[in-house]
Every structure is written in C-alpha cells, then in structure tokens.
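Subject: Structure handover

Hello,

Here is the structure I said I would pass on. Please look it over first, then read the notes below.

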Amino acid sequence: MHDKSHSLLIRDGQVLMSDGSLRTTSLLIRDGRIAAIGAEQSADTILDAAGNYVLPGLIDIHTHGIGEDSAIGSLPHYAAREAVAGATTFLPTLFGPPDETCAHLQRHLRETDNLRRVPQVGGFRLESPYLADASAGLPRDCAPITPQLTERLWQAGAGHIRIWDLSPELPGAPEAIKQLSRLGVVCSLAHTTATIEQARAAVEAGARLVTHLFDVFPMPPMTELGVYPAGLTDYLLMEDRVVCEIIPDGTHVPPLLVEKTFRCKPPGGLVFITDSNYGSGLPPGEYDLPQAWGRVKITSPYDGIRLMERDMELASSALTPVDAFRSAVQRFGKDLATASRVCSRNPARLLGLNKGEIAIGRDGDLVILDSALHVRTTIAGGVVIYHAGQDAAI
Ligand SMILES: [Zn+2]
C-alpha cells in the first residue's frame, strides 16, 4: 500500500466538476485529499487521463457480494473486486440469523484491524433481522425487535454499523429507529407491507432511507370501483425526508418507474445501489451460491441472479457498481453529472462522508472511465487501488 503523503497528479482528463460541468484539466491529490484543480503541479506520480473521464469514486451502500466474494467471506478480497468495478466505498450488507450476523461482524473486525486494513469499507449494513417477512431469506433470518438484540448487534459491530434496515410495521420499530438514529445509524424502511401511517411514524422517528423502492413493496388493492388507491410507494416518492434506493438494472424496476422516481425525489433523494450478490460481474453461466441458496444462472448484468431451483426467482442483482453507473447513462438516458449524483454524491451525503464530488478538500476518491464507461483506474484516498491491465480479478 502506498503512503498517503504521496502526491498524485491526474493529467488532462475530462473532470466532472462539482457544478456538473466537464472540464479538461488536471487534478492534484496530496495527503489523501484533492489539493488542486487545474494548476500545473509536480507530483510523485503522474497519471495520464487524456481521453478519459475523471469522476468521483462510486459508492455502493447496499451490496451482498461480487464475483466469488461475499459479505460473509474475506473483506480484503471483496474490496479488491469492488475496486475493479470502480467502487471507492461500499457497505458489505449482512443478511442472516442474528447469531451468525454477530459472528461475521466480529470476525471481520478482528481480521481487518477494525476495518483499518480495508479503507474502502465505509462500515456495515444490516438488512436483517428486523423484517416483517422473510421474502428475501428464511424465517430464521428474522427476529422481533428488542432493545437487547439491537444492543447486541450494535456491540458486535463496534460502532461500524452505518445503515440498519427494518420493517416499520414491527412492534417497537419507532423506538428502535430513535435508539439507532441517536447512535448515528441511518435507518431504512425495508421489506414491508406497512400502512402509510406506519411508514410516516417511522420517518417521524428518524428513518431516512428506503430499501430498494418498489422491490417487495406491495401494490394497494382496489377496494372500490372507480376509486384509485394510494400506496406506500406513492407516499415514499413524495416524502422528501427519505432517500430512496433503486436497483438500476431495468429488471427489478421498470425504466418508467425509475424515471418517475427521478422526477418525484429532490436532487439528493435518489441513490442507485447494486444489491449485488455472489456472482455479480462474473461471465454468464451457472454458479453455486454460498449459504445453501443453491444453483443460480446469470445471463447478463441486467437480468439479475436467478435461482434455478426456485423457478428462476431473483436473488439480488448481477450489477457491479460501474454497471449501475453505466445503466444510469445508457439505460435511463441521464448525463454523467446525474449518474454521478445517484452513484456517488447522494450516498456520500446520506452517510456524511467527505466524498462523492470533485472539489478541493474532498477525499481523493476517484474513478477514471474510458469513453465507453469502462473502468481504467480506481483511486481511493489518493492511492491507485486498481489499474486496468494490471489486475483482472473479474
Ligand atoms: Zn439486499
């Protein structure tokens, strides 16, 4: 690992400025942060980015795995594959029985010197156990909300849990949201059949995120002919206090609803996630998922990971972070600034990170993409963590 005091000059790239414009210029990173834009500087290392885009590093706040790694495997290996896919920050997302989640958290912290060995890991996310139904997993993955279990999981994460999912209709949800929000955790409404009133109570208690909007949110039934019902997703689209996640593969959510979300939410109110799983980024083929999920088939990054023994049901997406970014541009027709907003700036703001845009003083977390939006170089804290051609992990 290079020393952060090392200076890096990225020369002549098309830099996405914080006002959304593209400017052909140079960037100097020193002591891990962006130190100068535009001025001719000398540096210990010079990287030629002519003809390429220089963008804020990608941030994935919801991912269960990538390639042959997962949130229950080796975090350094996971981080290396995320680097290949342009991510400078990610939140390994755990889903499983509470006892196993505690054990994974403690092992990860032990093996990484409390995450110091994997600076790309911005903390953990718990998608279970506080879910009203186990549609995404097994009944043993879920548990009633109790202050004691919350405390046990929090202690196992040693302060590194940044996002905590829960279903707002569970007894004790508003109290848990208040307890966790006081600790600085972002609470996210997830896997829910809550009423609008229950969801609003959760937002009043401090919930600030919605876990993959539309996915596993039921549509309201038509109870009277001629009366169009408003559902939970309608409320969440209109509730400016919550940021909504979208899985942007075009399969989990139809493009029409992705566009609707862009139009409903304020500029900071939408975040693209991968919700990726073991296998994401691997070539089309059949793979065996860990944790007894069985055999899966992947046909493209945009068709999800399909459970072959369960009627080709979806088991998360096959996206990598750069696939999600490309999707914003190539599937949903957004410009680079908008794509960067939902893949970098908004998740950074949600978590209060000094990242997500190119401005003096921000962390030197960048991704360099070629004109076809493929990753050339990934830089975290001013350190090159991936360079195309030198390492092809996936
Ligand atoms: Zn998930």
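Predicted model: local features only at pLDDT ≥ 70, side-chain atom pairs only at ≥ 80, totals over all residues.

Setting aside residues within four places of it in sequence, Trp164 is in contact with Leu126, Tyr130, Thr150, Leu153, Trp154, Leu180, Val185, Val186, Cys187 and Ser188. Trp164 belongs to the largest nonpolar core, which has 76 residues. Together with Leu236, Phe272, Phe325 and Leu369, Trp164 touches the most other members of that core. Helix H1, residues 75-84, supplies the largest share of the core, namely five residues. At least three residues come from each of domain 1 and domain 2. There is also a second, separate core of 16 residues, with Ile61, Ile163, Leu319 and Leu350 among its members.

Thr101 sits in helix H2, which covers residues 98-111. Is Thr101 buried or exposed? Its relative accessible area is 3%, so with the cut-off for buried at under 20%, Thr101 is buried. Apart from residues within four places in sequence, Thr101 is in contact with Leu94, Gly96, Leu126 and Leu153.

The contact between them takes 19 residues from domain 1 and 19 residues from domain 2.

Helix H9 runs over residues 336-351. H9 has 16 residues and spans 22 Å from its first C-alpha to its last, close to the 22 Å expected at 1.5 Å a residue. Among the buried residues are Leu336, Val342, Cys343, Asn346, Pro347 and Leu350. Leu350 is the residue already listed in the second core. After H9 comes Gly352, with a positive phi near 70 degrees.

Four of them form an open sheet in the order E16-E17-E18-E19, with antiparallel pairing. Strand E16 (285-289) and strand E19 (313-314) are at the edges and have a single partner strand each, so one side of each is left without a neighbour in the sheet. E16 pairs with strand E17, residues 294-298, over five bridges in the antiparallel sense. Within this part, Glu286 stands opposite Lys297 in E17.

Tyr302 lies in the loop between E17 and strand E18 (306-307). Tyr302 is buried, at a relative accessible area of 16%. Not counting residues up to four places away in sequence, Tyr302 touches Asp249, Thr251, Leu319, Asp323, Arg326, Ser327 and Arg331. Of these, Leu319 is a member of the second core. The C-alpha atoms of Tyr302 and Leu237 are separated by 24 Å, with the two residues 65 apart along the chain.

Asp311 is in the loop between E18 and E19. Because its relative accessibility is 74%, Asp311 counts as exposed.

Last, some backbone geometry to check. Most residues other than glycine have a negative phi, and most peptide bonds are trans. Which residues depart from this? Asp311 has a positive phi near 60 degrees, although it is not a glycine. Phe214, also not a glycine, has a positive phi of about 80 degrees. Phe214 is in the loop between strand E13 (209-210) and helix H6 (232-238), and it is buried, with a relative accessible area of 15%. Ser128 and Pro129 are joined by a cis peptide bond, with omega about 15 degrees. Pro129 lies in the loop between strand E10 (124-126) and helix H3 (147-156).

Regards

Key. Residues numbered from 1 in each chain as written. Heavy atoms only, no water. Core = buried A, V, L, I, M, F, W, Y, C linked by side-chain atoms within 4.5 Å. Buried < 20%, exposed > 50% of the residue type's maximum accessible area, 1.4 Å probe, protein only. Helix = DSSP H or I, 4+ residues; strand = E, 2+ residues; numbered from the N terminus. Domains from an automatic or database assignment. Contact = heavy atoms within 4.5 Å. Expected span 1.5 Å × (residues − 1). Pairing = 2+ DSSP bridges.
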